[in-house]
Amino acid sequence: MRHRNPNRLGLTGLAAGLALLACAGSAQAAPDAADLRERANLVFGVLPSEAQNPENTVTEPKVVLGRMLYYDARLSKNHDVSCNTCHLLDKFGVDGDPTSTGHRGQVGGRNAPTSLNAALHFRQFWDGREPDVEAQALGPPLNPIEMAMPNAEAVETVLRSIPGYAPLFAEAFPSDEQPITYTNMGRAIGAFERKLLTPAPFDAFLKGDDDALDAKQLAGLQRFMDTGCTACHMGPLLGGTTYQKLGVVHPYDDPDKGLEEVTGKASDRRMFKVPSLRNVAETGPWFHNGKVGSLAEAIRLMAYHQLGTELAPERIAEIEAFLGSLTGSVDADLVAKPELPASGPDTPAPDPS
Ligand code: HEC
Ligand code: HEC
């Protein structure tokens, strides 16, 4: 349609103009998508397609093996706990419980964060005590309340007793004389996790698709940036790049010392890794203690404790709608439970003690 000189608007044009005005008055004008995209691309950025590690190149044989190990409960003392027990890949990489249950029903002190996109974090765990997913994967099998194996050698004994694992480790680590090691288990699981990335409608929006976000989500994106959430939740994960104190403006009462547990420094008290907000609508309950039962409440607490802002419910709802645009998916074939190689005659029996 050609633009018309407003002075020469006919009667119909005038009526249409008035109708437009009436519309604009009844609902808040939607933010301009192009402007928002430009701002958002400076702060966030599209999710990469793979999380690379120069020291552990992602190869197909490692990913195939890593997926099996991720699901293999024989890496636990009683053959009943695997990575997937607490990071269910058909439940956005979480177990949905405030804190997780491991060996002999023992309950841990922190909420299980999602394994999806975790490979892109600058550090692993709420307190960042491990540098990457390869190192992180060496923790749970030996954690007495998680998988409860006595030591790395015991895990290697199990892996070497399962005949089907020998060719798979050999293929994944072709230059190693003894490919079945505890460290290589971590590398294979890590390589698998490096594929667990979840592109979402928000990425489509960042790349130029105006329709990927609806008006409420656009308003929420603007609100998220204008409120100052992006001071901490930035980068393609909307987090995962820094430590920050929980309770910057208004103190947050919680016994967990966070990073201080790792460094012993009082100045690190209640410093936590800023979590990624990818899939956050699906990974409740929220916060390191799993005590926050709704996403809206998590947003309200964040605004209050981190920014000293009291957000009205409709503002919270906008931000919540925007966070919903971060829900993505991984290739179903990549994460489906694989068939595991059968135990051998020497595979140790489950030990419930
Ligand atoms: C019994 C439950 C349980 C099991 C089993 C378990 N995890 Fe976890 N996982 C957790 C909890 C709880 C945390 C957070 C602990 C913390 O931060 O101190 C965590 C943290 C992580 C993280 C860090 C994510 C982030 O945002 O920092 C990754 C990655 C991860 N686990 C992967 C694995 C893998 C791989 C396995 C198997 C080798 C595994 N987990 C087994 C409960 C479990
Ligand atoms: C000063 C830094 C900072 C600011 C600003 C901030 N956050 Fe956070 N955010 C954090 C930290 C740190 C955590 C982890 C809290 C914990 O220990 O449980 C977190 C956790 C969250 C969680 C829970 C994630 C999960 O998986 O449990 C949500 C949701 C969230 N933030 C949203 C927001 C929103 C929305 C805003 C703006 C209103 C905001 N944040 C502002 C640092 C910040």
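Helices, here runs of at least four residues, and strands, runs of at least two, are DSSP runs numbered from the N terminus. The exercises below use these labels on a predicted model.

**Exercise 1. Find which helices supply at least two residues each to the shell around ligand 2, and describe that shell.**

Step 1. Start with the shell itself. It holds 26 residues, and Cys229, Cys232, Trp286, Phe287 and Met302 come nearest to ligand 2.

Step 2. Helix H10 (215–227) and helix H12 (295–307) each supply at least two. H12 has the largest share, 6 residues.

Step 3. Sort by class. The shell around ligand 2 has 19 nonpolar residues, 7 polar and no charged.

**Exercise 2. Repeat the analysis for ligand 1: which residues are closest, and which element gives the most?**

Step 1. Ligand 1 is surrounded by 25 residues. The closest are Cys83, Cys86, Gly102, Pro113 and Pro140.

Step 2. Two elements give two or more residues to this shell: helix H4 (83–86) and helix H5 (133–136). H4 gives the most, with 3 residues.

Step 3. The classes are 14 nonpolar, 9 polar and 2 charged for ligand 1.

**Exercise 3. Decide which stretch of the protein chain has a pLDDT below 50.**

Step 1. Take the chain average. It is a pLDDT of 92, and 92% of the residues score at least 70.

Step 2. Locate the stretch. Residues 1–27 have a pLDDT below 50. This stretch makes 5 contacts in the model beyond near neighbours in sequence.

Step 3. Where pLDDT is low, predicted coordinates should not be read in detail.

**Exercise 4. Describe the domains of the protein chain and the contact between them.**

Step 1. The domain assignment gives domain 1 as 30–47 + 199–324 and domain 2 as 60–197.

Step 2. Count the contact. Domain 1 puts in 24 residues and domain 2 puts in 20 residues.

Step 3. Look at the domain 1 side. Helix H11 (260–263) and strand E2 (271–273) are the elements that give two or more residues to it. By class, this side has 10 nonpolar, 9 polar and 5 charged residues.

**Exercise 5. Explain why the buried residues of H6 line one face of the helix.**

Step 1. Pick out the buried residues. In H6 (residues 152–161) they are Val155, Val158 and Leu159.

Step 2. Look down the axis. The buried residues of H6 fall within an arc of 95 degrees, so they line one face.

Step 3. Find the cover. It includes helix H7 (165–172) and helix H8 (182–193).

**Exercise 6. Locate the backbone exceptions at Leu238, Arg270 and Pro285, and say whether Leu238 is buried or exposed.**

Step 1. Most residues other than glycine have a negative phi, and most peptide bonds are trans.

Step 2. Take Leu238. Its phi is positive, near 55 degrees. Leu238 sits in the loop between H10 and strand E1 (243–245). The cut-off for buried is 20 or more other C-beta atoms within 10 Å. Leu238 has 23, so it is buried.

Step 3. Take Arg270. Its phi is also positive, about 55 degrees. Arg270 lies in the loop between H11 and E2. It has 20 C-beta neighbours inside 10 Å, so Arg270 counts as buried.

Step 4. Take Pro285. A cis peptide bond joins Gly284 to Pro285, with omega about -5 degrees. Pro285 is in the loop between E2 and H12.

Conventions: Residues numbered from 1 in each chain as written. Chains lettered and ligands numbered in written order. Predicted model: local features only at pLDDT ≥ 70, side-chain atom pairs only at ≥ 80, totals over all residues. Near = placed C-beta within 6 Å. Nonpolar A, V, L, I, M, F, W, Y, C, P; charged D, E, K, R; others polar. pLDDT = per-residue confidence, 0-100. Contact = placed C-beta atoms within 7 Å. Domains from an automatic or database assignment. Buried ≥ 20, exposed ≤ 12 C-beta atoms within 10 Å, placed from the backbone. Arc of directions from axis to C-beta.
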